[in-house]
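Thanks, everyone. Please bring up the sequence and the model, and I will talk through what was computed from the atoms.

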Amino acid sequence: MPDLGVILKLLFMVVVVMAALLPVITWVERKQSAVMQDRIGANRADILGIRLLGLLHPLADVLKLFGKEDVVPLGANRFMHLLAPVIALIPGIITLAVVPFAGVYDFGSGPVSMVAADVDWGMLYVFAVGSIATYGTVIAGWSSNSNWGLLGSLRGSAQMISYEVTMGLSLVGLFMCFNSLKLQEIAQAQDTTFRVFGFLQTLGFVHALPRWLSVVRLPMWGILLQPLGFILFLTCIMAENKRAPFDVPEGESEIIAGYHMEYSGMRFGLFYTAEFLEIPVIAMIVATLFLGGWTIPWLSTQRIVGPLTGEIGVGAAMGLCLILQVFSFFAKVIFMIWLQMQIRWTLPRFRYDQVMDLCWKIMLPLSLANIFVTGLVILAIQGLSR
Amino acid sequence: MSTAALLFYLFAAMTIVASLGMVLNTRNTVASALSLVVAMISLGAIYVLLDAYLVAAIQIVVYAGAIVVLFLFVVMLLNLRMDVFPAARSRLPKLLGIAASGWGLWMFLRLLPGSLPAISPAPEGFGGFRALGTELFTRYVVPFEATSLLLLAAIVGAVILAKRRID
């Protein structure tokens, strides 16, 4: 049986995402769109005159959605129609199991890794689970017995399968750099710094770096080692989420609402929730892979725990470090959520053929080139430093 | 019964039920394809129980996540139903199918009473992406590259066939 720690860690992630982040994200979305369009945004919902900057709107939304009639269209496949929103929602939630929200700590009874499922094949699991998400879209459109819905689900499945290919390839360079697929190991590998001008020494231009140059150090983050990989991966994973500028499966101006057009009430709300749930999940994955995860830049775990152990004991030092790093992780997650909102409300949407051209003609060759160049550089560094 | 055994029987039962659902459901092609997805995912779960993590992930990413979606894509686009097809004129396919499954069953029954070879415990890292990747890119690199050439030929063929119709 799974032990209590695993359940607690999973519960922590699910509660933080579902109860704390999710309602706030819907509010942020409205406020962000209002800022971009020079409006005030949602601020009217109130309880006894208390408005809280419009933060009560998510509550009003959910109450409204639950109050609506649950319509299953005539001629629809009833079972599949009711099942589709659930399939859309599940992948986002179960991805949380492999995301590390803090590092590995030793409180005296062996190392404890702050991730529910600390599996070696972490990123493979993320890809596998993400590929199942396609079925929510496909089944929803097909089971509605509606032409708009079917068009939406055909577009959705084509888009999601295409971007999955590039998404996997865009990360290969990162896996080569950190030599792991395990999210916790990738995060730990970023808990250090590198000398920015160290390559001058490696390539043999200088014998030893002058002192003032060797002081310049940057955190060993994925985004600094794999800048192209970061851009490609972020683009692909945003396309997987099917939000603007990649919202062709539900393009309002062409196919009304696409695959979830025939859904009403809370079943539509589940699709909405799935889309909004994927925003923090994407933020977590990107933050872990490219922004150092739970690490604090220039302040590695040893540099926090080491000096503190003498002062307050190892247990308390570890505990303090854990709290600091959890905050560091969620600060990065919130930054990535904001970045996604910014992109969503800045860029106009693509036409369908542009989405496909971008994937197959631009991003796929770039990701292959990225793998090739990364391999060359790693070989060169290994050869020269031997 | 251990948790692993319990999970094995659960996913094995799911695989069998979903496979039967796929074959026997002749009325609704989409439901048949979706049964195939369930069978693929339960097979993936069984691979996880066997410590074959890479195979499990590929099973789900490639088969459940991509290939069957393409099946569904075509089925939904053409709105295929079994009753669209004309009744088979020849009984040969059916007879061949029965003969093949009978042969499979016979082989299985012949194996069943014999004692299985003693299995030594799997070495460290067995079935992981490191072990499998190393084997694939050293010992089996020629078959691996030959397969990719085969796939390339298939892609080129598909493009040529599709292009011809547009012109």
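Phe12(A), Phe101(A), Phe329(A) and Phe330(A) make up one aromatic cluster. Rings here are those of Phe, Tyr and Trp, with the six-membered ring taken for Trp, and two of them pair if their centres lie within 6.5 Å; planes under 30 degrees apart count as stacked, over 60 as edge-to-face and the rest as tilted.

Before I go on, this is a predicted model: local features need pLDDT of at least 70, side-chain atom pairs count only at pLDDT 80 or more, and totals for chains, interfaces and linings use all residues. Residues are numbered from 1 along each chain as its sequence is written, chains are lettered from A and ligands numbered from 1 in the order in which they are written, and side-chain values use heavy atoms, with hydrogens and water left out.

Over all chains there are 16 aromatic pairs. One of them is Trp121(A) with Tyr53(B), which is stacked, at 5.1 Å centre to centre and 20 degrees between the planes. This pair joins two chains, because Trp121(A) lies in the loop between β2 (111-113) and α4 (122-143) of chain A, while Tyr53(B) belongs to helix α3 (residues 53-78) of chain B. Helices (H or I, at least four residues) and strands (E, at least two) are DSSP runs, numbered from the N terminus. Trp121(A) counts as buried at 11% relative accessibility, whereas Tyr53(B), at 26%, is partly exposed. Buried means under 20% relative accessible area, exposed over 50%, and partly exposed in between, with a 1.4 Å probe and protein chains only.

The rings of Phe268(A) and Tyr272(A) have centres 5.9 Å apart and planes at 40 degrees, so that pair is tilted. Phe268(A) and Tyr272(A) are four residues apart in helix α12 (residues 265-290) of chain A, a separation of about one helical turn. Phe268(A) has a relative accessible area of 27% and is partly exposed; Tyr272(A) is partly exposed as well, at 33%.

Next, charges over rings. A charge sits over a ring if NZ of Lys or CZ of Arg is within 6 Å of the ring centre and within 35 degrees of the ring normal. Arg243(A) has its charged end over the ring of Phe276(A), 5.3 Å from the centre. Arg344(A) lies over the face of Trp345(A), with 4.0 Å to the ring centre.

How many disulfides does the structure hold? Zero, over all chains, a disulfide being a pair of cysteine sulfur atoms within 2.5 Å. For Cys236(A), the closest cysteine sulfur is in Cys359(A), at 6.2 Å, too far for a bond. Cys236(A) is buried, at 0% relative accessible area, and Cys321(A) is buried at 0%.

Ser367(A) sits in helix α15 (residues 352-385) of chain A. Is Ser367(A) buried or exposed? Buried, with 0% relative accessibility. Leaving aside residues up to four places away in sequence, Ser367(A) touches Thr166(A), Leu169(A), Ser170(A) and Leu232(A); contact means heavy atoms within 4.5 Å.

Last, chain B. Of its 167 residues, 21% count as buried. Among contacts in chain B with a separation of 6 or more, 62% are between residues 24 or more positions apart. Chain B exposes about 12600 Å², with carbon and sulfur atoms supplying 74% of it; accessible areas come from the Shrake-Rupley method with a 1.4 Å probe, and for residues only the protein chains shown count as cover.
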